[in-house]
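Open the viewer and get your selection tool ready. We will take the chain as a whole, then stop at a few side-chain pairs.

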Amino acid sequence: MGVKKLKKSIKSPSSDEEESPIRAIFCLKNRTQNMRKIEEVEDCFILDFDPSEIPHEFNHKLSKSNDFSDENDLSLVFEKGQVACRDYPHPRHLCVKFPFQKTPHESYCNMCYCYICETTAPCKEWSKGVKHCDATSDGDKFWKLMKDSHQKTSSKVG
């Protein structure tokens with residue numbers, strides 16, 4: 001069976017009349033059950049598999065198929081909803097399109113902004129002097145001080 005229901009629920013010791021907010025939780029063990037139906041019924045359930053992973057049976061069927069002339073012709077892409085660090089404004093060091101550790105820091109997408117200036121990338125100091133494109137919020141006190149200093153000077157000017 002693909003669904004396992006936990007039978008034990010915890011009752012609040014303070015009052016027998018009140019219903020406990022803690023309820024039984026479904027654990028979906030495999031893909032044989034329809035996840036959409038369970039989502040409609042249950043507020044919360046546990047997946048015992050990676051929902052973004054392509055099922056093994058599907059991979060096997062694709063690799064054995066003779067319908068495709070070249071194995072590299074088929075790409076499966078699935079995406080549901082928006083991605084915060086791609087579809088919404090984000091500081092350069094959190095960009096998904098140009099990963100900070102793998103791409104030049106001067107690169108930016110149309111949703112990137114300068115962590116220091118909080119303006120659309122590239123800012124005036126993006127790639128000169130102390131380059132703002134290198135700024136991160138990952139615990140480095142230097143960039144935090146730079147940001148605080150910039151905010152103080154820009155508030156005096158504005």
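The tour below goes from the overall fold to individual salt bridges.

A word on the ground rules: this is a predicted model, in which local features need pLDDT of at least 70 and side-chain atom pairs count only at pLDDT 80 or more, while totals for chains, interfaces and linings use all residues. Residues are numbered from 1 along each chain as its sequence is written, and side-chain values use heavy atoms, with hydrogens and water left out.

Start with a cartoon view.

Now colour by accessibility. Of the 158 residues, 22% are buried (buried is under 20% relative accessible area, exposed over 50%, partly exposed in between, with a 1.4 Å probe and protein chains only).

Next, show the side chains that form salt bridges. The structure holds 4 of them, each a side-chain nitrogen of Lys or Arg within 4 Å of a carboxyl oxygen of Asp or Glu.

- Select R86 and D87: their closest N and O atoms are 2.8 Å apart. R86 is partly exposed at 28%, and D87 is partly exposed at 24%.
- Move to E106 and K131, paired at 2.8 Å, N to O. E106 sits in the loop between β4 (90-91) and β5 (112-113) and K131 in the loop between β5 and α4 (141-157), so the pair ties together parts 25 residues apart in sequence.
- Finish with K147 and E118, at 2.9 Å between the closest N and O atoms. K147 is in helix α4 and E118 in the loop between β5 and α4, 29 residues apart. K147 is buried at 13%, whereas E118 is partly exposed at 45%.

Conventions. Helix = DSSP H or I, 4+ residues; strand = E, 2+ residues; numbered from the N terminus.
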